[in-house]
Amino acid sequence: ATATSGSFTWRAPSNIALVKYWGKRGEQLPANPSVSFTLDACATTTTLRYKKREYPDDDFGFELYLDGAVKDSFKPKINDFFHRIGKYMPFLKHYHFTIETSNSFPHSSGIASSASGMSALALCLMSLEQEISGNITEEDFFRKASFIARLGSGSACRSIRGELVVWGSHPEIAGSTDLYGVAYPGKVHPVFRTYQDTILLVDRGEKQVSSTAGHGLMHGHPFAERRFAQASENLSALQQVLETGDTEAFIAIVEREALTLHAMMMTGKPYFILMSPATLDVIRKIWSFRKETGVPVCFTLDAGANVHVLYPESEKEAVMEFINNELVAYCEKGHYICDRIGGGAVAL
Ligand code: PMV
C-alpha cells in the first residue's frame, strides 16, 4: 500500500423519509423498507486526514474537530462506529486519522446530523480504501459507502446518492436490500424531481429520546408487526404515485407515515410525545391552507418536533408567502431552512 498520508473531503446531504424506517434488528438492519428524498442544502462536509502508523496498535487512533474546535464528546460514537466497521475495513488500524467536520445547518437546531455526518465519513473512508486497493468500480464504491454509513446510523445509508433512495428489501423494488440504500429504480414524475422541503425549526431543544432508544421501543411493541407490514404496503402504493405525479395520493401516504411514526412512540413502553404544541398548530395551519387554496402542500416529521413542509416547486411562491405569514411565528427565533430534493454526496 502506497497510501502513507493525505486527505479526502466529501460533502454529504441529509435526507427526509417519505416511508419511515423505525425499528431495527441484527447489525443495524431495518425492520421495514423505507424511501427518502435526498436533500440538498442540509449537509455535512468532512475532511479525513490520514497518516500511516508505523506500528498499528490495538486501539483506533483519531482526533475529531467540529467547526475547527476539538470535539471529544463525539469520540465514543465514532469509536463504536470504527469497531463496527473494522471487519469490513481492516486497514483502519494502520492509520491515524484527523476528522474535521462541519454542518451547513445550525447546531442544536434539532436537525439530526447523523445521516449526513456518517455518510460523509463513510465516503472519506471509502476514498482511502480506493487509494489503498485501487480497483473499486464506481458502483461498488457507492454501494459499500452506503453499507458502511448504515453501520454508523441506519438512515445515513440513504444519504449517499440522490434523488430518491430506497433502503430495505421490498419484493417489488429491483435491487432493494437491507444492506445498503439504492437509487429508487422506478419512474419518477417531473413534479417530484424538484420537490421542495422547507424545514421549520419549531423546537431546537435536545432530543427527548435518542433514535437508538426509539428504535428499541419497537421490540415487543404491540403494533410492531402490523406497522412493519404497513410500511411495505405504503412503499408499494407510493410507486404508482411517484410515476403518475398524483400529489393528492402522495400527501395521504406521507402525512400518514409521519403520524404513524409518532403514534408508535406514543404507544410504546415507555411512551413519548415528541411533538410540541407548535408542531400541532403548524399541522392544523397546513391543513386549512391546503383546504382553502388547493395547493398540494403537506408535512412530514422525523423523531422530533420540527416540521418538514413538502411541496412542488411550482407552488414555491404561494407556500413561502403562507410560511412567512402564518408559520414563522411557530419557529424558534423565526428560523427555518429552505431545502429541496438533491443529487447526493460530492467529493470536494
Ligand atoms: O438513522 P437513525 O437511527 O437516526 O433513524 C432515524 C429514523 C427516522 O429519521 C425517524 C426515520 C427515517 O426513516 O429517516
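Two strands pair if DSSP finds at least two bridges between them. Keep that rule in hand for the first stop. The model on screen is predicted.

**Stop 1: a strand pair**

Select residues 298-301, strand β11. Look for Leu301 and its bridge partner in β12, Val307. Now follow the chain from β11 to β12: a hairpin of five residues joins them.

Next, show the side chains of β11. In a regular strand, side chains alternate between the two faces of the sheet. Cys298 and Thr300 are on one side of β11, with Phe299 and Leu301 on the other. Are these four residues buried or exposed? All are buried, and both faces of the strand are covered.

**Stop 2: the two domains**

Zoom out. Colour residues 5-187 as domain 1 and residues 195-340 as domain 2. Their C-alpha centres lie 24 Å apart. Where they touch, 27 residues of domain 1 are in contact with 34 residues of domain 2.

Stay on the domain 1 side of this contact. Select β1 (5-19) and β4 (34-52); each supplies at least two residues there. Which element gives the most to this side? The answer is β4, with seven residues. By type, the domain 1 side divides into 14 nonpolar, eight polar and five charged residues.

**Stop 3: the ligand**

Select the ligand and show what surrounds it. The shell holds 15 residues. The closest are Ala17, Tyr21, Gly154, Ser155 and Ser211. Keep the domain colours on: domain 1 and domain 2 each give at least three residues to this shell. Colour by type and the shell divides into six nonpolar, seven polar and two charged residues.

**Stop 4: helix α6**

Select residues 224-244, helix α6. How far apart are its end C-alpha atoms? They are 31 Å apart. At 1.5 Å a residue, the 21 residues should span 30 Å, so the two values agree.

Show the buried residues of α6: Arg227, Ala231, Asn234, Leu235, Leu238, Val241 and Leu242. Then bring up what covers them, including β1 and β4 from the second stop, α4 (190-193) and α7 (247-266). Step past the end of the helix to Gly245, which follows α6. The phi of Gly245 is positive, near 80°.

**Stop 5: two cis peptide bonds**

Go to Glu163, in the loop between α3 (138-152) and β8 (164-167). The peptide bond from Gly162 to Glu163 is cis, with omega near -20°.

Then jump to Pro270, in the loop between α7 and α8 (277-293). Here the peptide bond from Lys269 to Pro270 is cis, with omega near 0°.

**Stop 6**

Select Gln28, in the loop between β2 (24-25) and β3 (29-30). Its phi is near 55°, a positive value in a residue other than glycine. Gln28 has 19 other C-beta atoms within 10 Å, so it counts as partly exposed.

Finish at Asp67, in the loop between β5 (61-66) and β6 (69-70). Asp67 is not a glycine either, and its phi is positive, near 50°. Is Asp67 buried or exposed? With 10 other C-beta atoms within 10 Å, Asp67 is exposed.

Notes: Residues are numbered from 1 along each chain as its sequence is written. This is a predicted model: local features need pLDDT of at least 70, side-chain atom pairs count only at pLDDT 80 or more; totals for chains, interfaces and linings use all residues. Domain bounds come from an automatic or database domain assignment. Two residues are in contact if their C-beta atoms, placed from the backbone, lie within 7 Å. Ala, Val, Leu, Ile, Met, Phe, Trp, Tyr, Cys and Pro count as nonpolar, Asp, Glu, Lys and Arg as charged, and the others, Gly among them, as polar. A residue is near a molecule or strand if its C-beta atom, placed from the backbone, lies within 6 Å of it. The expected span of a helix is 1.5 Å times one less than its number of residues. A residue is buried if 20 or more other C-beta atoms lie within 10 Å of its own, exposed if 12 or fewer, and partly exposed in between; C-beta atoms are placed from the backbone.
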